[in-house]
Every structure is written in C-alpha cells, then in structure tokens.
Protein chains: 2
Amino acid sequence: MKKHNFSAGPCILPQEVFQQASQAVLDFNDSGLSILEISHRSPAFVKVIEEARNLALELLNLQNKGYKALFLQGGASMQFLMTAYNLLNKKAAYLNTGTWSSKAIKEAKLFGEVIEAASSKDKNFNYIPADYSIPEDADYFHCTSNNTIFGTQMKSFPQTEVPVVCDMSSDIFSRVLDFSQFDLIYAGAQKNMGPAGATLVVIKEEILDKVKREIPSMMSYKVHIEKESMFNTPPVYAVYVSLLTLRWLKSRGGISAVEERNAQKAKLVYDEIDRNPLFKGFAAVEDRSAMNATFNLTDESNKDKFDEMWKEANINGLSGHRSVGGYRASMYNALPLESVQVLVDVMQNLEKKA
Amino acid sequence: MKKHNFSAGPCILPQEVFQQASQAVLDFNDSGLSILEISHRSPAFVKVIEEARNLALELLNLQNKGYKALFLQGGASMQFLMTAYNLLNKKAAYLNTGTWSSKAIKEAKLFGEVIEAASSKDKNFNYIPADYSIPEDADYFHCTSNNTIFGTQMKSFPQTEVPVVCDMSSDIFSRVLDFSQFDLIYAGAQKNMGPAGATLVVIKEEILDKVKREIPSMMSYKVHIEKESMFNTPPVYAVYVSLLTLRWLKSRGGISAVEERNAQKAKLVYDEIDRNPLFKGFAAVEDRSAMNATFNLTDESNKDKFDEMWKEANINGLSGHRSVGGYRASMYNALPLESVQVLVDVMQNLEKKA
C-alpha cells in the first residue's frame, strides 16, 4: 500500500513518473538499453536534455526572453557558491529568511561584501521581512522564495533595478509568478521537479561577464551555457526523471492548474491547524507556505499519541525539522489532496480522543 | 534483445543491478515508497550511503588506514577543481596523458603553479611517459590512471614522497593495485561503479589542512568528511545504484576476480586487432588499456561495411572519440566476455568479406 508521503525533500513525485522511470531503467524507449547505460552524447539523451531545458523555460513562460536553462549538479548548496563566483564583484544584498539564506550568505562572503537587506532571525525565521531597501549599487539581490524548514513563503518580490537572484528550490513550478522579474533562478530538483542529483538553473544571459575574477570551468555559468549543459557528463537519470515530471506537469495543465490544487491542499491543512485547539501554526499567517505547513502541538503530552496515529494512517515524513520542532506537512505538486485529507482526519481523531 | 554495449561511459552495468534498480524506483525495500521519494536523512538511506562508503574502502583494501570515502557530485571535472582548491598551495606536478589530464591542469593553474612532469601530447597521447621526475617540493603529484579517449593505462605509478592524486574515473575497481600508494583517488561513477551523477572520492585525511586559502563549503573535502558525505542532499539514486554495483562486484569475488575476467576480454580483442590485417591498434602496446581498446581500420574504405556489420550484430557504442577516430571498444567490469566475442566475430567476418 502506497504511503502518504509528506517528506520535505526528496519527496513524492507523480506515480506515473515512477512507473515510467522504473521501466526506463530496464529498457529506455525500446532501445534495448537501460537509461543508466546510454551515452550522454547519444542522440536519444541529447533529445532528453534539450526537451527538459525547453520545457522548463516554457512552463516558466521564459522562452525567447534571453534566458537559458541548465541542468547542473550539486543542488542549491553549489549555487550559493556559483552565484557569488559569477556575479559578485564588490557587494551583494541578501534577504535572510532562514537556514538556506544563511548558508547562501556564508558562501557569498568569501567573494565580496554581503549586506543583509533584512533578516527574520529575531523570531526564528517565522515570518518574511516586509520593509527593507536594496542598495542601488549592489551587484545583485538574493532571496529564498520558500523556506522549507520554517514554512514561510515570499508572496511578492521587491521591485529593484539590480539583478534579482532567487533560490526557488522548494516552490519552483508550484505557483504562477512573473518569472521575468528574476535574472537568475535556481532550484535543486528534489521537490517539485525530480529526484535528488540535478539542479535547474535559469539565467538571463545579459547579467554574465560582469565580474573580473577568473572562474573555474565547472563554476562558470558561461561555460555551461556554451556547452548546452553538457560541459561534463550530466546526471543522466535525474535529468530524465525531471523531464518526465515536467511533462506530467504540462499534461495536467501547467503551473496555473497545479497552483489551484496546491491552494486547496494548503487551505485544507491550515484551516484544520487554525480550527483544532490541539494545534497551532508556526509561521506568521500572512507568510504561510503553500508547500510546507509547519505546526506544533499546543499540549506536548499528546505527542506520542499523535505520532502513533499518523504513522498508523500510513503517513510518512511528518516530523518537523529540529530547528522548529513539531510537525511539517510538505505538500508538493505530486501530493494528492486525499493524502492531506488523511492527515486532517488524523488531527480530528486526535481531538476526539484527547 | 539486449545490446552488446561497448559505450565509453555512461556504460553497461550488471543486468541484475538494472533489475534491482528498476524495482527500487517502484518500491524501495518493501517500504511502500520509491527510492526517488525517500528522505536522504531517512535511516534507510543513511544505511545505503554508509554501506556504499564502507564497501568502497573494503574493496580497495583501504579500511582502517586513515582514508575516508565520499560520494559527491560533479564528476571528475569537479574534482579537477576541488583537488587544487584543497591541496595546491604553491606548486603541483601533473602527468599529462590526455584530454582529462589536460583539463585537470587547466583548472589547477587557477590556484598555483603547475609543472607538467611529462606529457605524451607529442604523439597524440598514444603512450604513457616513462621517465620523469617529480619535484620534491610539489604539493602533490596528479595522474590519470586510464585514458578513456586514447586507450592507454598506467601500469605502474611513481614512487615519491609527495602526495599522489589519481583520477581513476575509468578504471577504478577494475584491477588490483596497492591503493595505499595514493593519497587521493577520485572517480566519476559512470564506468565501473554506477550511473552518471555520483563521484567517489577516497582521501587520506592527513593530507588536508595544508593550504591557507578559505575553501567554500561545497569545495571542501573537510566539510564533506565532517558531514559524512551528507553536507548537502546527496544524489540518492546514483549512490544507491553504485552500492548495488559494488555489492555485485563483491559477490563476484571482488577486484581480483574481475581483473581476471577483464584480462581475458582485453586479450581477446587485442589479439584480434594484432592478428587481423584490416585493423591496427592506436595505443602503444605496452600501455594498452584493459578498459578501452582503441583501434583503426588499416583501409578506410572498409568503414561503411564494418559499421553496418557491427550494428547488425547488436553492438552499441563502438565509434571512437573524435580525437582519435576509428573505434573504441570499452570493456568495463560488467561487459560479458560473450560481447567481446561477438565483436571479434564481426572483425573476422569483415576480413572474410573484404
């Protein structure tokens, strides 16, 4: 019996993607070869990575607007470094909204001055700072659109003349945004896009070539763009499964359709958190994430009972991150509404029994 | 019908690994979850990466000798950079035996002085330089044990007091060596170890902490060691399939047993190259690789016929790299002797028809 998988990432992907991804390991496109043993230079795989790059831009509505899509390795952690390597000449402004922003700031400091435009550290990152300014002479402004650990999500982004870099690892492809307001978007695949091991980078080419330092080949966006994301052997399988997931997203109506389903799921769980006296939300209401709902018990003595109940209901991955405690329901694109209903039922049953 | 897959990498893996790897995408260890959707912090995956790290050291006979094994991302190309970032203070000596060595040298030059101890570029890298010296004050000596493109392989390694760094991407786990003569071994997974997307790094801890520069977290071997190869989300699936392949290797008798089978395969194809007047080998005989046999037609007018014949025999991936032309038969651990026999039969049939 399949589990209701609320894992924060790596996380649930569409069931039909698992079927196709499993079959391709045995025989990729009736080629007589496994997807794991084909050359990354084979026409069949070049077609896969080209389609994935194009489909990513298409879904983000960024085609023919000067952007390139790359599939790299190393996750957001590598992008913390690459962003600074490629863009940070003198100074950059970062919005600090949690663990991942803080890590991005740490790496950028090796390359230049970093200004924290604002931080929500004072309240354990349970909100998104609202009022802040971005220095006009900053090389770029960096933000994290969704904070997996704390369950907050940026609902709007600052209007600024400096290039905007956004870590969208945990909410890319989950909601409609004007993606052209960003100059560089990056995202580890392992939430809404695919399995761990691939990283999507979407970059407006015109922001490159402005730093003076020499950039090692693997760190250089320009090198990866010139080689069409094949400077070195790409993570073939992770790219392929990402393509399958992007195809599924398109076939289900694209980002706007999935955004509606995500909103339904989020409303279902947050309504219960607010209604049920045994629970309280962690994040500020106006900054709540549609991807990761963080909540705590109002009475910790219910912990053992609740933990037993959700595990019995075949729910997986509900424990909160150690920085927040309590619970975290991650509701990425592929999580069915039914799974959220199962969780809400458990929360209501706890109330009846408590 | 399965193909005879001579691809240079990504390449053939054991058929039973494909079966297990396919099943785990549907249901990993009867957990009700796909391997693609489980948390990398789950006990089940922590067990996988621990076993993979231990098994790599065990197979290399490097347990309890001060070495750590890591599974990173970015392939050998990222290691060209990380090696220099972590080890190059002032100057390093590199043996230039081909495309990959040359790329490693290029990246290292961004971090310090690079001395080419020797190079075989004068003969399009068709041999391994024999006589060279390594400066005693070098921070390390770097070499490439097997040159996939040119089909050469180092049969011995220099005795030196300086740390020895070796790119073993294309022949690790294929032959018995005294691996303790190396201080740092790295290898992209996609030859003898697993699918593209994981990189094995085996490092003697005592060589670290000797450079003065600040090292970004993702570039730092020390950080990855401290976090037990989980500083960031590892490439879960690529690590898992690598573990399956390492288990298969152990169950088949380990490196010494596979080395024998590899020697049989290599003898079969090289004997035919030397016997058959229609073919000639590319690499110097004494430096021939047991992994990648490079050869050319003596008469190019046979090209169309030969190409048609091997494709009809269900052979895949035999075309040579553009730097060498001709053909390349890559015979990694998982390639059966029968596949090499099929190739030899085709070579003999060409001779009969020509």
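Guide: Welcome! The model here is predicted: local features need pLDDT of at least 70, side-chain atom pairs count only at pLDDT 80 or more, and totals for chains, interfaces and linings use all residues, while side-chain values use heavy atoms, with hydrogens and water left out. Residues are numbered from 1 along each chain as its sequence is written, and chains are lettered from A, and ligands numbered from 1, in the order in which they are written.

Visitor: How many residues does domain 2 of chain A give to its contact with domain 1 of chain A?

Guide: Contact means heavy atoms within 4.5 Å. By that rule, domain 1 of chain A contributes 27 residues, and domain 2 of chain A contributes 26 residues.

Visitor: How many salt bridges are counted between domain 1 and domain 2 of chain A?

Guide: There are 16 residue pairs in polar contact between these domains, both residues at pLDDT 80 or more. (A polar contact is a pair of N or O atoms within 3.5 Å; within protein, one must be able to donate a hydrogen and the other to accept it, and residues adjacent in sequence count only if both atoms are side-chain atoms.) A salt bridge needs a side-chain nitrogen of Lys or Arg within 4 Å of a carboxyl oxygen of Asp or Glu. Between domain 1 and domain 2 of chain A, the count of salt bridges is zero.

Visitor: How much area do chain B and chain A bury between them?

Guide: Here 55 residues of chain B are in contact with 55 residues of chain A. Buried area is the accessible area (1.4 Å probe) that two parts lose on being put together, summed over both. On carbon and sulfur atoms lies 60% of it, and the total for chain B and chain A is about 4200 Å².

Visitor: Which residue of chain B meets A:Lys2 in a salt bridge?

Guide: Across the interface of chain B and chain A, the rule finds two salt bridges. One of them has an N to O distance of 2.9 Å, and in it the side chain of A:Lys2 meets that of B:Glu37.

Visitor: Which element gives the largest share of the side of chain B that touches chain A?

Guide: Helices (H or I, at least four residues) and strands (E, at least two) are DSSP runs, numbered from the N terminus. Elements giving two or more residues to this side include α3 (75-87) and α4 (99-108) of chain B. The largest share, six residues, comes from α1(B).
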